[in-house]
Amino acid sequence: MATTTADRRMIKLAMSAPYLEREEEQALAHAWKDNHDQHARNRIAMAHMRLVVSMAGKFRNFGLPLGDLVQEGYIGLLEAAARFEPERQVRFSTYASWWIRASIQDYVLRNWSIVRGGTSSAQKALFFNLRRLRARLARGDDHLTSEAIHQEIAAALGVSTADVRTMDARLSASDVSLQAPLSVGEGGEGSNRLDFLTSDAPLPDEQAEGSIDGERRHHWLHSALGQLNEREMKIIRARRLAENGATLEELGILLGISKERVRQIENRALEKLKAVLISKTADFAYA
């Protein structure tokens, strides 16, 4: 990746920042923590910008602009400066390295692909170490198959072989736009991948028609049910409209009549519904 003029200027500025001795670093850290001295925090941050640039450079092979990587690393650096505890007697660079790396890694995972990956610590380790481990294993034994390399990496990082295969495939090819033009041999001039995608879903006009018909049938049924008396409605709801329909015997006991009488009332109610629905559909057909 080419280094822009702005990147070179930023790198030069970072490299020209003076180093801090341990005593000065401790004094600045206490000034920030105890007195919220913003100038002290900024001095600590600027003195360690070369660390941000150095760590950002290690992630350039993911195809993201160096300036963006440095900016994300600087956010991690400021977070480290805000959380640093000088009384632990640890050099700030040691503490800040973790925050800088975490911030850059999170940025890479968010922007490397439109498909979100590395959501767990194991997956993140796989994403950032797969290429390195694969290259090292391939150099060590030229006869290793891809499957054997995947198994070795899976064992080293504590993930499944399937996860390694999936991540390897993702890292081997970048995202491709569905609107990217195809070559003439693939689909003809002016075509793109989106033109060749098929869907089993109904067309928009079919979906609209189905929705309208569904509402119409619901209205017809509601209107037809209004023609039933109370006992007929109770039997139809219990027998035909409930998820687990009641038996004739159960309804007979509930209504205090024989199950044969329940069957007769049900048949009469169904005939009423049929007549009303036929009338409605006929009216619609001739409307």
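Does W98 count as buried or exposed, and at what relative accessibility? Select W98: at 54% relative accessibility, this residue counts as exposed (buried is under 20% relative accessible area, exposed over 50%, partly exposed in between; 1.4 Å probe, protein chains only).

This is a predicted model, in which local features need pLDDT of at least 70, side-chain atom pairs count only at pLDDT 80 or more, and totals for chains, interfaces and linings use all residues. Residues are numbered from 1 along each chain as its sequence is written, and side-chain values use heavy atoms, leaving out hydrogens and water.

W98 and W99 form an edge-to-face aromatic pair, 5.2 Å centre to centre with 80° between the planes. Rings of Phe, Tyr and Trp (its six-membered ring) pair if their centres lie within 6.5 Å; planes under 30 degrees apart are stacked, over 60 edge-to-face, the rest tilted.

Next, F84 and F92. Their rings are also edge-to-face, at 5.2 Å and 85°. F84 is buried at 6% relative accessibility, F92 at 1%. Ring pairs join F84, F92 and Y95 into a cluster.

Now the largest nonpolar core: 44 residues, with L69, L77, F92, V108 and F127 having the most contacts inside it. Such a core is a set of buried Ala, Val, Leu, Ile, Met, Phe, Trp, Tyr and Cys residues joined through side-chain atoms within 4.5 Å. Helix 6 gives the most, seven residues (helices are DSSP runs of H or I, at least four residues, numbered from the N terminus).

Finish with R50. Its charged end sits over the ring of Y19, 4.0 Å from the centre (CZ of Arg or NZ of Lys within 6 Å of the ring centre and within 35 degrees of the ring normal).

How values were computed:
Helix = DSSP H or I, 4+ residues; strand = E, 2+ residues; numbered from the N terminus.
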